[in-house]
Amino acid sequence: MKAVLKVGAAGALAALGLVATAAQAQSYPNKPIRLIVPFAAGGTTDIVGRAVSDALGRELGQPVVVENRGGGGGAIGADALAKSAPDGYTLGIATVSTMATNPATNAKNPYDPIKDFAPITNLVNVPNVLTVNPKVPAKNLKEFVALLKSNPGKYSYASAGKGSISHLDGELFKYITKTDMVHIPYRGSGPALNDTLAGQVNAQFDNLPSSMPFIQSDKLRALAVAAPKRVEGLPNVPTFAEEGMKDMNNMAWYGLVAPAGTPAAIVTKVHDAAIKALQDPNVKKRLHDAGAYPDGNTQQQYAAQIKRELELRKKIATDQNITLE
């Protein structure tokens, strides 16, 4: 009898918990929501976060406030999100850097990309691009590779930080082409762009949206893009695959995640609001103009996408012996 009573009490507590969770989800949100962007202002992660945040806030009925937490190739901001209360009031932008390249190359990465987050949806897919300052005497990718081979260690490339996708792409590029460039890490692609534009760094591996306006205004020279086909608006820029570098031809993505343990009903509510936000004409235009392609997949599809990307980046890091240690 005592055992039955104990089970009954446990069942009652579980039922009360479900009721409390349902009530919490129904009233959510009743205050502003923080959106952690794990890179500095001005980069692609920031562009995507700000493009979506206003419309997401309108759909949820509360402001979504962007908070830039750059550093560590996105690891600092991602770790802050992982350690936030799982109540739906702290969300974050997840990237290939935070969910795959950083964990794949850094054994001391402070969070688990699979266990510490609740995937919501992939917001956009984005081509990557290799650009050089116009003063670099190379008009195309072949000329740039030849220039690097004849001047080992003379030229530098900027990345969004150690462990970021741009860092891993830079090291993979050096391995494939058997060239040597000096890596200059920044706290995001925005600061990296500033120094590349100023000529303090010669080249940059970046996501297209943050570099696109400077390519179109001839302040940067694009040598190749990572995309399934040539990008609209840059018809003369070949893909890495066209140049014989298929391992460099992977697009980046930017998704929405919450801390692990966030109630499923809240995650679903945010997911549905995000899908509607991506359909907003102003959001679609901002993303299209920046060279980003809206996605909006399911929670399950996004979780699988993160796992695939992590395994891919682990394989590249192992095969090319790329590590931050």
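Modeller: A cavity here is a set of points, on a 1 Å grid over the protein atoms alone, where a 1.4 Å probe fits but cannot get out. This is a predicted model, in which local features need pLDDT of at least 70 and side-chain atom pairs count only at pLDDT 80 or more, while totals for chains, interfaces and linings use all residues. Residues are numbered from 1 along each chain as its sequence is written, and side-chain values use heavy atoms, with hydrogens and water left out.

Colleague: How many cavities does that rule give?

Modeller: The count is three cavities of 30 Å³ or more. The largest cavity has a volume of about 130 Å³, a volume being the space filled by probe spheres set on the points.

Colleague: What makes a residue part of the lining, and which are closest to the centre of the largest cavity?

Modeller: A lining residue has an atom within 4 Å of a point. The largest cavity has 18 of them, with Ser-97, Ala-160, Ile-165, Asn-207 and Tyr-254 closest to its centre. Two or more residues each come from α2 (44-60), α4 (96-105), α6 (165-177), β8 (203-207) and β10 (252-259).

Colleague: Why is the largest cavity said to lie between domain 1 and domain 2?

Modeller: Domain 1 (33-126 + 252-320) and domain 2 (127-248) both contribute to its lining, so the largest cavity lies between them.

Colleague: What lines the second largest cavity?

Modeller: This cavity, of about 50 Å³, is lined by residues including Ile-36, Pro-38, Leu-81, Met-99, Phe-117 and Val-257. The elements α3 (75-82), β3 (90-95) and α4 each give two or more residues to that lining.

Definitions and conventions: On a 1 Å grid over the protein atoms alone, a cavity is a set of points where a 1.4 Å probe fits but cannot get out, and a pocket is an open set with protein on both sides within 12 Å along at least five of seven lines; lining residues have an atom within 4 Å of a point. Helices (H or I, at least four residues) and strands (E, at least two) are DSSP runs, numbered from the N terminus. Domain bounds come from an automatic or database domain assignment.
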